2 protein chains.
Amino acid sequence: MPPRRLLLTPGPTPVPPEVLRAQAEPLFHHRTAEYQKLFEEVSRGLQRIFKTRSPVYTFTASGTGAMEASLVNFHSAGDEILVVDAGKFGERFWRIAKAHALKAQILKVPYGKAVSPAEIEEAVSKNPNLKSVCLQLCETSTGVVFDLKEIGRRLRGKNCLLIVDAISGLAADRFEMDAWGIDLAISGSQKGLMLPPGLAFLAVGERARQQMTGAMLPRFYFDLALYEKALKDWDTPFTPAISLVVGLKEALRRIEKEGLEKILKRSETLAEYTRGEVRKMGLELFAERPSNGVTAMKVPAEIDGEKILYEIREKEGITLAGGQGEMKGEIIRIAHMGFIQKEDIDCGLRALETALQKKGTQQR
Amino acid sequence: MPPRRLLLTPGPTPVPPEVLRAQAEPLFHHRTAEYQKLFEEVSRGLQRIFKTRSPVYTFTASGTGAMEASLVNFHSAGDEILVVDAGKFGERFWRIAKAHALKAQILKVPYGKAVSPAEIEEAVSKNPNLKSVCLQLCETSTGVVFDLKEIGRRLRGKNCLLIVDAISGLAADRFEMDAWGIDLAISGSQKGLMLPPGLAFLAVGERARQQMTGAMLPRFYFDLALYEKALKDWDTPFTPAISLVVGLKEALRRIEKEGLEKILKRSETLAEYTRGEVRKMGLELFAERPSNGVTAMKVPAEIDGEKILYEIREKEGITLAGGQGEMKGEIIRIAHMGFIQKEDIDCGLRALETALQKKGTQQR
């Protein structure tokens with residue numbers, strides 16, 4: 001067991017000490033005024049992070065649960081939707097759609113590339129039956145951030161919901177739900193929000209809300225009507241993950257104390273620094289339009305990317321991320337979101353450099 | 001804010017200090033050998049608690065998520081099922097069934113009463129189309145434990161799944177999944193397992209497993225096929241609530257150290273003691289067949305049950321549970337499962353006695 005544990009993965013990310021401590025406090029009951037006060041505070045705090053005046057619902061679930069909620073509450077079987085597939089999480093959207101008998105038209109984008117806003121606009125203009133467009137803010141598996149502002153602008157006035165998985169992007173890449181015309185926005189606890197995994201969020205704009213009653217897909221645990229009713233009393237329909245919600249309060253307080261703008265600026269600076277260092281190491285960046293939350297780099301052809309990461313984790317206690325799905329072994333990813341500091345990034349990059357140099361020497 | 005916080009509710013229950021501490025440890029990544037080892041340990045530990053050789057799947061969700069999983073993975077729209085409704089959680093089963101267009105035949109049992117095993121056998125014999133029987137081990141809302149051993153015996157050889165919500169009963173009331181012929185068993189983290197809420201469990205027997213592929217209800221987040229594939233590598237398909245799983249390891253170690261048999265015996269003794277004390281206070285017990293996990297008592301007609309509980313919580317920092325749904329204000333419930341000790345029960349009962357006496361004096 002290595003003496004330290006440094007997480008530089010795009011989820012889970014390191015959790016600040018006061019958040020860890022808050023989660024170790026004895027539990028209290030969730031059907032109390034004390035919990036309602038807490039849940040009001042975090043629900044309002046989340047609205048400020050999503051930059052929306054619409055309600056944000058909290059599920060006890062992984063982020064994928066909120067992705068499913070964003071489809072099942074607003075669609076009926078056979079509905080046509082457009083899914084941007086530029087990586088593992090785009091793919092997840094159409095897998096969920098398929099499981100629920102939605103007709104998903106897939107806009108395939110090569111891994112590492114950003115989707116063209118014009119292409120989305122064209123696809124939507126061509127097919128007036130499209131009920132929604134689903135895509136990521138940051139496609140975590142490739143480190144690409146999409147131009148949601150421009151995509152939102154082009155879809156304005158179209159009769160089609162814009163559904164954004166901002167799980168890894170939120171509080172790292174700029175995101176403005178209301179200003180950009182986004183109808184549904186999804187996030188999770190274990191990324192920019194600096195919490196352990198276990199909470200998923202769904203912000204529901206007014207236009208989307210109006211489509212809920214007509215949506216016939218079966219649902220229960222993720223049925224927003226139940227959450228909507230409960231949120232009127234700052235409550236949830238089912239027992240919430242209380243300790244994580246307590247932690248969320250501390251994490252949101254930290255974010256508000258630093259200020260979201262400063263955090264976004266810090267992520268940007270850290271991302272630029274990371275990309276510069278990666279280039280200096282002679283590695284090629286993978287993402288055409290790189291996220292400020294995570295940097296992906298190509299693994300040199302002669303190197304086994306998975307093996308390198310394994311060695312760094314075992315020897316140094318530092319966890320970097322590899323590629324997912326068809327990118328396995330092809331790329332290495334390092335996160336710079338949430339509680340991750342420049343010093344952490346330096347540790348990760350130096351460990352990577354050393355490991356790559358050793359491999360180079362061994363192979364010569 | 002009262003100086004202490006004593007939870008005597010049938011979920012969440014108090015969490016032992018070493019479990020709280022474990023959850024405050026810095027996170028590690030879940031796609032690692034370290035996590036696989038942890039997840040193997042807890043998954044095998046859960047099998048011993050459920051008393052089954054079949055796999056137990058862990059969801060990041062409230063217990064209700066696992067209830068939904070127990071229906072959507074084994075049924076198709078229009079399937080007929082029998083639901084025992086003897087309280088709020090029986091009712092939840094048929095609400096989930098209704099949301100998924102199952103034809104639920106309801107066996108209504110008056111609140112506070114236990115379902116008759118003979119009635120279940122009769123209903124199943126009369127309707128050969130029934131695909132499953134759904135009921136609780138302990139109906140938490142009334143404090144009644146059902147005779148699952150006898151129900152299992154009477155359904156043996158019938159072509160019908162026996163689905164048991166053991167959320168509040170597990171590790172408090174005796175439960176033997178394999179020996180009693182139970183096909184699917186559900187539980188949650190925040191009851192006898194002494195964890196915060198956020199994890200739900202589903203143990204899947206072989207006969208149930210064989211029906212998965214033919215079950216056509218749409219599902220994704222709760223699709224067991226994905227969990228089954230992942231569990232082969234002691235993994236989950238979606239990012240798990242890592243800190244809760246770390247806590248679960250500690251909780252299971254505590255349970256194994258004391259021994260499940262001893263814990264069941266201790267719950268039984270504590271339940272008998274509690275019922276005796278309640279009777280001494282001149283209160284009437286509510287449950288016909290009382291659970292060893294929670295004791296329900298009737299609130300005297302002249303007393304406002306909800307107000308009493310509010311006062312005890314505000315003044316003493318002790319949380320007792322009231323009635324749920326149509327039982328609101330009618331009953332008071334006190335839990336004696338998991339980490340709850342005799343001293344805690346005494347504190348709760350004395351606080352209740354004092355509050356009831358004051359009310360009596362005021363009204364005279």
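Trainee: Which residue of β10(B) stands opposite F59(B)?

Mentor: A200(B) stands opposite F59(B) in this predicted model.

Trainee: What makes β2(B) a mostly covered strand?

Mentor: A residue is called buried if 20 or more other C-beta atoms lie within 10 Å of its own. In β2(B), 5 of its 5 residues are buried. V56(B), T58(B) and T60(B) point one way from the strand, Y57(B) and F59(B) point the other way, and all are buried. In general, side chains in a regular strand alternate between the two faces of the sheet.

Trainee: Which strand of chain A is also described as mostly covered?

Mentor: β13(A), residues 331-335, has 5 of its 5 residues buried. I331(A), R333(A) and A335(A) point one way, whereas I332(A) and I334(A) point the other way. β13(A) runs antiparallel to β11(A), residues 294-298, with 5 bridges between them. Within that pair, M297(A) has I332(A) as its bridge partner.

Trainee: Why are β2 and β4 of chain A said to stand at the edges of their sheet?

Mentor: The sheet is open and has 7 strands in the order β2-β10-β9-β8-β5-β3-β4 of chain A, with mixed pairing. β2(A) (56-60) and β4(A) (103-108) each have a single partner strand, so one side of each is left without a neighbour in the sheet. On average, neighbouring strands of this sheet are turned by 20° against each other, direction ignored.

Trainee: What makes β5(A) and β8(A) a parallel pair?

Mentor: β5(A), residues 130-136, and β8(A), residues 161-165, run parallel and are joined by 5 bridges. C134(A) stands opposite I163(A) in β8(A). Helix α5(A), residues 117-126, lies across β3(A), β4(A) and β5(A), and runs at about 150° to β4(A).

Trainee: How many residues of chain A are in contact with chain B?

Mentor: 45 residues of chain A are in contact with 46 residues of chain B. On the chain A side, α1, α3, α4 and α9 each supply at least two residues, and α3(A) gives the most, with 4 residues. By class, that side has 23 nonpolar, 16 polar and 6 charged residues.

Trainee: Why are the two copies described as related by a two-fold rotation axis?

Mentor: Chain A is superposed on chain B by a rotation of 180° with 0.0 Å of shift along its axis, at an RMSD of 0.0 Å. The two copies are thus related as by a two-fold rotation axis.

Trainee: How do you know that the copies meet through the same surface?

Mentor: 100% of the interface residues of chain A are also interface residues in chain B, so the copies meet through the same surface.

How values were computed:
Residues are numbered from 1 along each chain as its sequence is written. Chains are lettered from A and ligands numbered from 1 in the order in which they are written. This is a predicted model: local features need pLDDT of at least 70, side-chain atom pairs count only at pLDDT 80 or more; totals for chains, interfaces and linings use all residues. A residue is buried if 20 or more other C-beta atoms lie within 10 Å of its own, exposed if 12 or fewer, and partly exposed in between; C-beta atoms are placed from the backbone. Two strands pair if DSSP finds at least two bridges between them. Axes are lines fitted to C-alpha atoms, for helices over the stretch in contact, and angles run from 0 to 180 degrees between N-to-C directions. Two residues are in contact if their C-beta atoms, placed from the backbone, lie within 7 Å. Ala, Val, Leu, Ile, Met, Phe, Trp, Tyr, Cys and Pro count as nonpolar, Asp, Glu, Lys and Arg as charged, and the others, Gly among them, as polar. Copies are superposed by least squares on the C-alpha atoms of residues with pLDDT of at least 70 in both.
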